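Visitor: I have a structure open on my screen. Please show me how to read it, feature by feature.

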Amino acid sequence: MNNIQLSVVHRLPQSYRWSAGFVGTKVEILPAEETDLGNSLMGLKLLSHEGEKAREILHAINQSIADMQILSTVIEWEEEPCLFFAKEDESAVICRLKTLGAAIAENVTALYPL
C-alpha cells in the first residue's frame with residue numbers, strides 16, 4: 001500500500017461503456033450522443049508508474065475500492081493498465097484515493113483556459 005501514497009492518478013478524458021459481450025473485460029468510448037449515464041464508466045491510469053508496477057498498484061487500489069463494495073476492474077486500455085468503474089461512483093473512488101494518499105492529476109487547461 002505504500003506505493004499508492006507515491007502514485008499520481010489521472011482521469012481518462014472520455015466516458016466509456018462495456019463492449020457488447022465483454023462486460024468486465026473490455027471497454028469502448030461512449031459515443032457523445034449517448035446520454036445513458038447508468039452505463040457510463042470512468043477510467044483512471046497511473047502517471048507515476050508503468051508496466052507491471054502500475055498493474056500491481058492498480059490492483060491494490062481496486063481491492064481497496066472493492067472493500068467499499070464498489071465494482072471496479074483493471075483492464076488494458078491503449079496498451080496500459082487502467083482502472084474502470086461506474087461513473088456514478090466517481091466521488092467515492094476519488095475520496096478513497098485521496099484517503100490512501102494518491103495524488104489526482106487534473107487537466108489544468110480545463111481549470112484555466114487560455
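Guide: Start with burial. A residue is buried under 20% relative accessible area, exposed over 50%, and partly exposed in between (1.4 Å probe, protein chains only). Thr73 has 17% relative accessibility, so Thr73 counts as buried. Keep in mind that this is a predicted model: local features need pLDDT of at least 70, side-chain atom pairs count only at pLDDT 80 or more, and totals for chains, interfaces and linings use all residues. Residues are numbered from 1 along each chain as its sequence is written, and side-chain values use heavy atoms, with hydrogens and water left out.

Visitor: Where is Thr73, and which residues is it in contact with, leaving aside neighbours within four places in sequence?

Guide: Thr73 sits in strand 5. Helices (H or I, at least four residues) and strands (E, at least two) are DSSP runs, numbered from the N terminus. Contact means heavy atoms within 4.5 Å. Beyond its neighbours within four places in sequence, Thr73 contacts Trp18, Gly24, Asn62, Cys82, Leu83 and Phe84.

Visitor: What is the mean pLDDT of the protein?

Guide: pLDDT is the predictor's confidence in each residue, from 0 to 100. Here the mean is 86, and 87% of the residues reach 70 or more. Where pLDDT is low, the predicted coordinates should not be read in detail.

Visitor: Which residues touch the most other members of the largest nonpolar core?

Guide: The general idea comes first. In soluble globular proteins, nonpolar side chains tend to be buried together. A nonpolar core is a set of buried Ala, Val, Leu, Ile, Met, Phe, Trp, Tyr and Cys residues joined through side-chain atoms within 4.5 Å. The largest one here has 20 residues, and Val9, Leu44, Ile61, Leu83, Val93 and Leu97 touch the most other members. Strand 4 (41-46), helix 2 (51-66), strand 6 and helix 3 (90-100) each give two or more residues. Helix 2 supplies the largest share, five residues. Apart from this core lies another, of eight residues, including Leu12, Tyr16, Val27 and Phe84.

Visitor: How many aromatic pairs does the structure hold?

Guide: Rings of Phe, Tyr and Trp (its six-membered ring) pair if their centres lie within 6.5 Å; planes under 30 degrees apart count as stacked, over 60 as edge-to-face and the rest as tilted. This structure holds two such pairs. Tyr16 and Trp77 are edge-to-face, 5.1 Å centre to centre with 80° between the planes. Tyr16 is in strand 2 (residues 16-18) and Trp77 in strand 5 (residues 72-77), so their pair ties together parts 61 residues apart in sequence. Tyr16 also pairs edge-to-face with Phe84, at 5.3 Å centre to centre and 80° between the planes. That pair links strand 2 to strand 6, 68 residues apart.

Visitor: Which side chain makes a polar contact with the side chain of Glu90?

Guide: A polar contact is a pair of N or O atoms within 3.5 Å; within protein, one must be able to donate a hydrogen and the other to accept it, and residues adjacent in sequence count only if both atoms are side-chain atoms. Glu90 lies in helix 3. Its side chain makes a polar contact with that of Arg11, at 2.8 Å.

Visitor: How many disulfides does the structure hold?

Guide: A disulfide is a pair of cysteine sulfur atoms within 2.5 Å. The structure holds zero. Cys82 is buried, at 1% relative accessibility, whereas Cys95 is partly exposed, at 47%.
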